[in-house]
Amino acid sequence: MINLEKFPAAISEYFTAKGIDMLGALMTMKSDIGADSVYKDVYIVVDTEYVTVAEGTVVFKHERIRSDGNPVRAEGFVEARYERFMLSELEEIKVEQLISTGRVTALRDNEPVLIFNFSSTYKHDAGLFCRAAESLKKDGKIDEEKLKDSDYEKNSCPKCGRRYPDPDRKICPKCMDKVRLIKKLSKLFLHYKRYILLILLSLSLISMLGAITPYVSNQIFYADVLKEGGRYYGKILNIILVMIAVRVASLLISLLNGAISAKVSAEVTYDLRKNIFETLSRLSLSFFTNRQTGGLMTQINNDSTMIYWFFCDGFPYFVLNIVQLIVFMIIMFIINPILTVYAFVTVPIFFISFKFIFLIFDKMYAKSWSRRRSFNSLIADVLNGMRVVKSFSREDDEMKRFDKRSKLSADADADIGIKSAKIFPMLFFLLKIGSYIVWGIGGWQVMKGTGGMDYAKLATFIAYFGLIYGPLEFLADVSNWWSECLNSLQRLFEITDANVEVKECENPVTLDKVKGDVEFRNVSFSYIENRKVIDNISFEVPSGSTLGIVGHTGAGKSTLENLLTRLYNTEDGEILIDGVNIKDLSFETLRRSVAIVSQETYLFRGSILENIKYACPEATEDQVIAASVIASAHSFIVKYPDGYHTQIGFGNKELSGGERQRISIARAILKNPQILILDEATAAMDTQTERQIQEALNRLTKGKTTIIIAHRLSTLRDADNLIVIENGKMPESGTAKELLKKKGVYYNLYKLQADALKTIGIED
Amino acid sequence: MKNFLDLAELKYFTSDNAKMYKTKNGFAAMKAFMPPIKKDDLAEGQDNTPDWQDLGRVYFHRMFPFDAPDEFISVLDKDGNEYGIIRNITDFSGEDADIINEFLARKYLCPEITKVISLKEKLGYSYWEVETDKGKMSFSMHDTYRNIARVSDTRLVLTDVDGNRFGIKDVLALDSKSYRKIELYL
Amino acid sequence: MQISWKGTIIIMKKKIIPPGRIRVREKVMSAAGGNADYSFDFNLYEKNEYIYGAAVINGGFVYIVIENSNKDNDTEIKLTIDDVTEFRYINNSGCVAIEYTKSGEDFELCRSDMRNAVAMQIGSKRGQRGWRKRFYNLPEMRKDAKAGFNSMLGMYR
């Protein structure tokens, strides 16, 4: 029995009352939108013959508090719709995806009928339902393996019942927030423990010296030096020298401390950034396509600085200040217990209001951060796309957009500033009251001579009390940086925890020589749930042949190349190279044998030589020139005054589309892979250049596999075989002659392009 | 990797199959042993037997001007179409090499800075006064940091507002005063 | 005039244009008869040495004066535009030049570094246009166009 969602007791009772065997049911699931498109509780039970749908509302009959203080609710179900479908009558059970909702419909007597509605929360379950129902109809049972959903029971947090926002990371943001972070924090902490201990050591030395000074300068000075009969009476010079010596020692140590912490800061930040960058590069492509890169950059920079600060500035000082606080309190208590108690009357109030402020600032910092991030992304985006902005004359609109976001960000920051400016001074005022109390009561005690108080003792006491302000002030600030730090950590862990979708298997197969046989077997794939981009495609490309892939824009041609290089993983089906499933191949073999020239050329900032050599850094200049001659890139590179050293890329020389494509073809050729994929690689060039490149490539790829994706048929002249992709399916395949005879999609495309030529007076 | 070098149909010129000469007015020209040049891509029935062709005036172009100024020199016609490549000037000797070198010296003008006399910055423009191997020169650059190209760790090429190029062969070999002046932009 | 605190008189420095450049400009203007349709400077000589040079295009002629390094002999050229079949502007790396073809032979007219690049480009165009106006051949142009078109057609055969 598959329980996609556990039914509350009241529902099970309700179903049993209607005569449905809950124990014999094959699948139970829940949805949340009723047939009248209103949010309801929808419960679905599937058994061997029927699909039962019950919609309504779960109501609480009455509530009582148990002895341990937890409420107990009795639930009932108010029914709005109840329907039973016979499975044998239903045909074509499928999911219709609408906008943020969807429907599961079927055909009954060739009439479409609604089974149930769902919102995006349950779209995954709805898909499962369809697959389960289909397999039930076909085989008479539900094959749990086929549903391919390992932890479907655990889609919601066991503690609070909410669904996990990201099914890959089983983390409930509500429940496991702080605890998990702290655990991760301690792991990082241990990593840098050397540095932290070092700083802690030097700081404690300084503060020890600092702790001695008040005693020396007050107690000893007044009581023993100045007072008659004191131990060191008259030896003022000695005392002053001692005080100076202590100061000098503390100065030297703080210099040392400064040097150490500067070095540590550089090293730790460098280390953190390296780790983050490394993690980022290991992540699969889908991570990057779903995020704004501008935001990522801010994230890496700011967050690593924040974390350095926490570990090497904040944390050691935090520990230090707490220790100082306790030590001073003990000393003060030893000197005069009663006075200590009076002095600290205001401090607890301080700390309570603390916790409150902590919460407020937490939220405010998160808001400020997210606004800043969106603002930075906008800038990065617009500046990158300035060309488009100008060609549509939208500068004013972009200015307004920028202004709005900038204002929002400034407002959020101003809020934080204003709140801090209002709250913290008031807190300190509270503290100061404490010191006036001390002066008053202490002075009175000295006058009365109670408890052996004399001026020396009072002066020392007040000196130590003054020293308390330092730690207290720091601790007051703790809320600020603690909340910022938590936020940064959270975001950072988002990256480091992001699941690598495409992983190398346990024992990857490494092939020394790859022949180049490519085979796709029943491959299906979708970028977004329930929208298949590739649906059950199979074809073979034997080594040494050229395959042409045609189809309309958006039919799914580029997806095939993404799947072949394992930038994404297939859902269904297998892709084999030389008979080995690519999931079993090592990344090294795969990447070595396949090269793609894609539609969007990305060239790094640098010289043309560096860009072409990117494929193979040890190539000699001869080889680079040869590769670019084959790609017909040499002829235009030579025209530039700097030749191969011409700087290209962002901010430098702008090359035309065709030139960029030729450079990326040269890059792929330099790699000299067994399998070459050209995705609209010659789209931006004139036919003459295209022909040159094709001829040259033909000679190069003799004995190697080439896959050419195009929708200009002249590009596919030399293909041995052709396949047509339409709406994710493959309606036709064969040689060009066969496809023309079929008079199908290929024939239509051919006719269209030939007709276009006719209009300019060229006869076929 | 080696196999595609032959597929590329590169024509290398050496002293065996090419001879330089000077035209009456001192321009560089070349005779080469190669199949006749195709004037028209689609013309058929062309005779492909190699013979000594007089290519007339040729232009040389350095393919790797910063890294390898004496290697991989492209031989072009007046429209910029390539005849072939000279692997290394040392493939030619004596007069031939001189002709090539003379042409290249005239084509590439990049005075080497020996000393930086003064360097002032105002409003984003930097005003330089330098001593070069061609005498004392002064120029200005805008967006200074962007226009100093680091060809290698020690070799710099500065491009001024007009497009003139100035090279610094070895930054570390400059005297310390000059170095300190340009340190900012490195 | 400035009187410093020491009482000495310091003459205010005037902006100094190198005498060479003025002299050359004046010379070429007088050679051209005082008028100029277009004029430009250049500052390099054959082996990329720095010199002062000036050019004037006027009334079907191009006048060039180059101050040689030995200061006594200036090179003066007067070129009849009608004799010239083509003016070419050559863009090198770091320097530019104007070349012309006369009776089938190529000559170099002048070179300069990038400071005068734009002026020289315009100058070469002016010289070229002066020629073009009289050698405008419609049947030639039609033949060229058809040949080009045919070669493009061949692609689709």
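What is the mean pLDDT of chain B, and what percentage of its residues reach 70 or more?

## Confidence in chain B

In this predicted model, chain B has a mean pLDDT of 84, with 90% of its residues at 70 or more. Among the elements of chain B, the lowest mean pLDDT, 62, belongs to helix H1 (residues 3-7) of chain B, whereas the highest, 92, belongs to strand E9 (residues 125-132) of chain B.

## Packing of H17 and H19 in chain A

Within chain A, helix H17 (residues 621-630) and helix H19 (residues 657-671) have axes that come within 8 Å and cross at roughly 125°.

On the side of H17(A), the contact is formed by A:Gln623, A:Val624, A:Ala627, A:Ser628 and A:Ile630, while H19(A) contributes A:Ala666, A:Ile669 and A:Leu670. By class, the residues of this contact of H17(A) with H19(A) comprise 6 nonpolar and 2 polar, with no charged residue.

## The interface between chains A and B

Between the two chains, 18 residues of chain A are in contact with 20 residues of chain B. On the side of chain A that touches chain B, H17 and helix H20 (687-700) of chain A each supply at least two residues, and H17(A) gives the most, with 7 residues. The side of chain A that touches chain B is made up of 7 nonpolar, 6 polar and 5 charged residues.

Terms used: Residues numbered from 1 in each chain as written. Chains lettered and ligands numbered in written order. Predicted model: local features only at pLDDT ≥ 70, side-chain atom pairs only at ≥ 80, totals over all residues. pLDDT = per-residue confidence, 0-100. Helix = DSSP H or I, 4+ residues; strand = E, 2+ residues; numbered from the N terminus. Axes fitted to C-alpha atoms, helices over the stretch in contact; angles between N-to-C directions. Contact = placed C-beta atoms within 7 Å. Nonpolar A, V, L, I, M, F, W, Y, C, P; charged D, E, K, R; others polar.
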